[in-house]
Amino acid sequence: MISKTYIIKGADGIHARPATALVRLVKQYKSSFMMKKGDKSIALNSMLNILSFGAVGGDSVTIDIVGEDETEASKAIELFFTEVLNKL
C-alpha cells in the first residue's frame, strides 16, 4: 500500500471537472484508490463519491493506493494533485 497526503490548493476544491478527471485517471489502473479526510473515507471510482466528499481548498486529504500497479498509479496521482488539479 502507498499512502500520501496532499493539500487541496485550489480555492474551489475538487468540483465536477477535476472529479471527472480524477475518476478517469484512477480507472486506468488496476489498483484501488481511497481518499480520506478526517474520519471520512471514499473510493475514487465514482464522481458522485468524490463530489459528495466535499474536498475544498485548504483541506488535507490522504490517498491510499493498493494493487499490483500501485507504484505507477501513485506517480499519476502525485502529478494530478501537484499540477493538474490547480489548472482545472
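Predicted model: local features only at pLDDT ≥ 70, side-chain atom pairs only at ≥ 80, totals over all residues.
Reader: Why are helix 1 and helix 3 called roughly antiparallel to each other?

Author: Helix 1 (residues 16–26) and helix 3 (residues 70–87) pack at an angle of about 160 degrees, with 11 Å between their axes. Angles over 145 degrees count as roughly antiparallel, so the label applies to helix 1 and helix 3. Their crossing is right-handed.

Reader: What makes the contact of helix 1 with helix 3 nonpolar, polar or charged?

Author: Helix 1 brings Pro18, Ala21, Leu22, Leu25 and Val26, while helix 3 brings Ala76, Ile77, Phe80, Phe81 and Leu85. Pro, Ala, Leu, Val, Ile and Phe count as nonpolar. The tally for this contact is 10 nonpolar residues, with no polar and no charged ones.

Reader: How do you know whether Ser74 counts as buried or exposed?

Author: Good one to ask! Buried means under 20% relative accessible area. Ser74 has 16% relative accessibility and therefore counts as buried. This residue of helix 3 touches Ile2, Tyr6 and Ile65, leaving aside residues up to four places away in sequence.

Reader: What makes strand 1 and strand 3 the edge strands?

Author: The open sheet has 4 strands in the order 1-4-2-3, with antiparallel pairing. Strand 1 (2–7) and strand 3 (40–43) each pair on one side only, and these are the edge strands.

Reader: How do you know that strand 2 and strand 4 pair?

Author: Pairing takes at least two bridges. Strand 2 (residues 32–37) and strand 4 (residues 60–66) are joined by 5 bridges, so they pair, running antiparallel. Met34 stands opposite Asp64 of strand 4.

Definitions and conventions:
Residues numbered from 1 in each chain as written. Heavy atoms only, no water. Axes fitted to C-alpha atoms, helices over the stretch in contact; angles between N-to-C directions. Helix = DSSP H or I, 4+ residues; strand = E, 2+ residues; numbered from the N terminus. Parallel < 35°, antiparallel > 145°, perpendicular 65-115°, else oblique. Left-handed = near helix turned anticlockwise from the far one by under 90°. Contact = heavy atoms within 4.5 Å. Buried < 20%, exposed > 50% of the residue type's maximum accessible area, 1.4 Å probe, protein only.
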